[in-house]
Amino acid sequence: MFGEFKQKIVKEYTFLTSILLLTVSLSIYATGFYISYKEQVSHIQMLAVEESEDLFYRINHDDLKEYMLNDDVPGSDDGYFNRIFVYGLDINHNIMFQHNSMEWSEDFMNKAISENLLEYNEKYFKFELVDNRHPKLFMTMRYPLIEQQEFMGEVYVGIEATHWAREQARVFAYLILFNLLARFFIRYISYKLANRAMVPVVQSFEQQKQFVANASHELRTPLSIIISGMEVLKLDEENKLSAFSQDVMRDINDEALKMKKLIDNLLLTARNDNDTLAVNPTVFSLNELLTKLYNKFSLLADRKNIEINLAPLNEISIYADSMHIEQILTILIDNAVKYTPENGMIDIGVKENKQHIIISVQDNGKGIAAEDLPHIFERFYRAEKSRTTYGNGLGLSIAQILARKNNGEITVTSKENEGSCFSLAMKKVYF
C-alpha cells in the first residue's frame with residue numbers, strides 16, 4: 001500500500017531536485033559562456049581598433065603605402081598570428097595590407113569583401129569544413145575608419161574560434177554527463193530519505209489498522225446483544241409498550257443495525273489491509289443471484305415508484321466467492337435505488353466477451369460530477385453534490401476491494417443530472 005506512495009515521493013523529489021540542479025548548472029554554464037563570449041568580442045574589437053589605426057598611418061604616410069602589402073609577421077607570436085586575419089582597405093576599396101594564414105577562410109572573406117556582405121561593427125561567426133572532415137570556426141568583423149566625420153577606409157578582422165567552441169562544447173557535455181550521474185545519486189538519496197520519512201507513517205497506520213480491527217471486533221458482540229434484545233422485546237406480547245416507546249425501540253434497532261453494518265465494513269477493510277480477508281471461490285449461477293437481488297430490491301424501489309429492469313439472461317456461471325459478488329451487487333443496486341429520484345429507472349444487464357463477464361447497473365439519477373469520479377472508490381469519500389445524504393463513504397470502497405479480491409474490477413461512467421453506470425467485470429474461468 002505504501003510502496004506506490006513511497007515511489008511517488010522518490011520520483012517527485014528526484015525530478016524536482018534534478019530540475020533544480022540542471023537549472024543551476026545551466027545558469028552557471030550560461031554565465032561562463034557569456035563571459036567567455038564577451039572576451040572573444042572584446043578581443044576582436046581591440047584587434048579592429050588596432051588595425052584601423054595601422055590603416056590610418058598607412059593612408060597618411062606615403063612611405064608606408066607599399067610596405068608589407070602581404071603583412072605576414074614573423075616572430076615569437078607566430079601562433080597568435082596564425083589564428084587571426086586582417087584586411088585593410090582604403091576609400092577606393094583598394095587593399096592596403098592583409099594578413100591571413102587561415103587559408104580555409106580566404107574564399108569567404110574574398111567574397112565578403114568584394115560583395116559587401118558584412119555590416120559595419122557587426123560580429124559574425126562562420127563555419128567552414130576543411131578537407132570535408134575538419135570543422136573550423138572563426139569570428140569576423142568589419143570596422144570603418146572615420147576621422148573627423150570623414151570615411152577613410154575600413155578593415156576586416158577575424159579570429160579563429162575553433163578551440164574556443166570546442167572548449168564550450170566539451171564543458172557543456174561534461175555538464176550534461178554530471179547531471180545524468182547526479183540523477184542516480186539523487187534518486188538513491190531520495191529513496192533513503194523516503195524510507196526514513198515513511199517509518200512513522202507506517203507505524204501510525206499499522207497502529208490504526210490494529211485499533212480498527214480490535215475495536216470492530218469488540219463492538220460486534222455488544223451490538224449483537226442489543227439487536228437480539230430488541231428483537232426479543234418486539235416479540236414479547238406480555239410487554240405492553242406505548243406507541244411512543246415502540247417508535248423509540250424501532251429507532252434504536254435501526255441505528256444499531258446501521259452501526260453493525262459500519263463495524264462490519266470497518267472490519268472487512270482492516271482484514272483487507274492485513275491481508276487476512278478470506279476468499280472462498282465456487283462455481284455458482286449468476287442468473288439465480290441476479291434474480292434474487294431483483295426480487296429483493298423491487299420491493300424497495302416500488303416505494304419510490306422506480307422501475308427496475310433485469311435484462312433476459314442466458315445461463316451464466318462464474319467462479320468467485322458468491323457472498324462477495326452478492327455484497328458487491330447489493331451495494332451497486334442499493335446506491336442506484338438511493339440516488340435515483342422518484343419515477344426513475346434502473347437497468348441491470350450482463351454482457352460477455354472472450355475474457356470477461358460484465359454486469360452493469362445503470363440508473364438515470366443525479367449522476368456524479370467529473371471532479372468526483374476519480375475519488376469515489378476511496379474510503380470515506382463523499383461527493384459533495386450526489387453523496388451528501390446516505391451512507392458513510394465505505395460502500396463503493398468495499399465493493400472495489402471485494403471485486404479485486406475476486407480478480408474483478410468496477411468501473412463507472414457518469415454525467416451529472418443524467419445518471420451513472422457501474423460495471424463489474426469478472427474474468428472468465430474455463431474448466
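## Helix α7

Helix α7 is mostly covered, with 12 of its 17 residues buried, where buried means under 20% relative accessible area with a 1.4 Å probe and protein chains only. Among these buried residues are H324, I325, D334 and N335. The helix runs over residues 322-338, and because 17 residues at 1.5 Å a residue should span 24 Å, the 24 Å between its end C-alpha atoms agrees; the expected span is 1.5 Å times one less than the number of residues. At the start of α7, a side-chain oxygen of D321 comes within 3.1 Å of the backbone nitrogen of M323.

This is a predicted model, in which local features need pLDDT of at least 70 and side-chain atom pairs count only at pLDDT 80 or more, while totals for chains, interfaces and linings use all residues. Residues are numbered from 1 along each chain as its sequence is written, and side-chain values use heavy atoms, without hydrogens and water.

## The open sheet

Five strands form an open sheet in the order β7-β9-β10-β12-β11, with mixed pairing, two strands being paired if DSSP finds at least two bridges between them. Strands β7 (307-310) and β11 (408-415) stand at the edges with a single partner strand each, so one side of each lacks a neighbour in the sheet. β7 pairs with β9 (residues 345-352) in the parallel sense over 4 bridges, and I348 in β9 is the bridge partner of L310.

## Helices on the sheet

Helix α6 (residues 286-302) packs on the sheet and touches β7, β9 and β10 (356-363), contact meaning heavy atoms within 4.5 Å. Helix α7 also packs on the sheet, touching β7, β9, β10, β11 and β12 (419-427).

Note on methods: Helices (H or I, at least four residues) and strands (E, at least two) are DSSP runs, numbered from the N terminus. Buried means under 20% relative accessible area, exposed over 50%, partly exposed in between (1.4 Å probe, protein chains only). A polar contact is a pair of N or O atoms within 3.5 Å; within protein, one must be able to donate a hydrogen and the other to accept it, and residues adjacent in sequence count only if both atoms are side-chain atoms. Axes are lines fitted to C-alpha atoms, for helices over the stretch in contact, and angles run from 0 to 180 degrees between N-to-C directions.
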